[in-house]
Amino acid sequence: MERPILEVKNVSIDYPISIGTVAAVRDVSFSLERGEALGIVGESGCGKSTLGLSFLRLLRSPGRIVNGDILYHGKNIIDMNQNELLKLRGQNIAMVFQNPLTSLDPLYSIEDQYIETMKEHDLKINRKEASKRA
């Protein structure tokens, strides 16, 4: 049997603050199989974005993953170095951030922005191939 594409196992994320620690995410676990879609819903401030950012190790300091594993095709994202993360981001896992004014620049076409992202994560791709994929 094929292993899940994404496995999140007992992930907890904290934000240390001056008077203690904010437990932003506590003991979250799920798996995502090929062909499945997953929606993460909840009230504002419940940790949805923090959890999503953790999949790409994009948590802003002082946020940190304090427990658990995030496995992409069996490889732990938490243990990846910066080169491995760069290859993973954009090519295999991507995120559309909540603020569209900072995510998509209205002065450039969506195609150009998508091509820029592909070229950033795959240095071997040329503009023509990136444009075809876009």
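Visitor: Which residues form a nonpolar patch on the surface?
Guide: Ile17, Ile19 and Val22 form it, and together they have about 310 Å² of accessible area. Accessible areas come from the Shrake-Rupley method with a 1.4 Å probe, and for residues only the protein chains shown count as cover. A patch is made of residues with over 30% relative accessible area and no salt bridge, where like charges are joined within 9 Å and nonpolar side chains (Val, Leu, Ile, Met, Phe, Trp, Tyr) within 5 Å. A salt bridge is a side-chain nitrogen of Lys or Arg within 4 Å of a carboxyl oxygen of Asp or Glu.

Visitor: What kind of model is this, and how are residues numbered?
Guide: It is a predicted model, in which local features need pLDDT of at least 70 and side-chain atom pairs count only at pLDDT 80 or more, while totals for chains, interfaces and linings use all residues. Residues are numbered from 1 along each chain as its sequence is written, and side-chain values use heavy atoms, with hydrogens and water left out.

Visitor: Back to Ile17: where is it found?
Guide: Ile17 belongs to strand 1. Its relative accessible area is 45%, so Ile17 is partly exposed. Buried means under 20% relative accessible area, exposed means over 50%, and partly exposed lies in between (1.4 Å probe, protein chains only).

Visitor: How do strand 1 and strand 2 pair?
Guide: Strand 1 (residues 6–17) and strand 2 (residues 20–32) pair in the antiparallel sense over nine bridges. Two residues lie between them in a hairpin. As one of the bridges, Asp14 has Ala23 in strand 2 as its partner. Strands pair if DSSP finds at least two bridges between them.

Visitor: How many helices and strands are there in the protein chain?
Guide: The protein chain has five helices and four strands, running β-β-α-β-β-α-α-α-α from the N terminus on. Helices (H or I, at least four residues) and strands (E, at least two) are DSSP runs, numbered from the N terminus.

Visitor: Why is helix 1 described as largely enclosed?
Guide: Six of the eight residues of helix 1 (residues 48–55) are buried, so the rest of the structure largely encloses this helix. The buried ones are Thr50, Leu51, Gly52, Leu53, Ser54 and Phe55. Their cover includes strand 1, strand 2, strand 3 (64–72) and helix 2 (82–88). After helix 1 comes Arg57, with a positive phi near 55 degrees.

Visitor: How many aromatic pairs does a search of the whole structure find?
Guide: The search finds one aromatic pair. The ring centres of Phe30 and Phe55 are 6.0 Å apart and their planes are at 75 degrees, so the pair is edge-to-face. Rings of Phe, Tyr and Trp (its six-membered ring) pair if their centres lie within 6.5 Å; planes under 30 degrees apart count as stacked, over 60 as edge-to-face and the rest as tilted.

Visitor: Are Phe30 and Phe55 buried or exposed?
Guide: Both Phe30 and Phe55 are buried.

Visitor: What is Ile78 in contact with?
Guide: Leaving aside neighbours within four places in sequence, Ile78 is in contact with Arg57, Ile65, Gly68, Asp69 and Ile70. Contact means heavy atoms within 4.5 Å. Ile78 is found in the loop between strand 4 (75–76) and helix 2.
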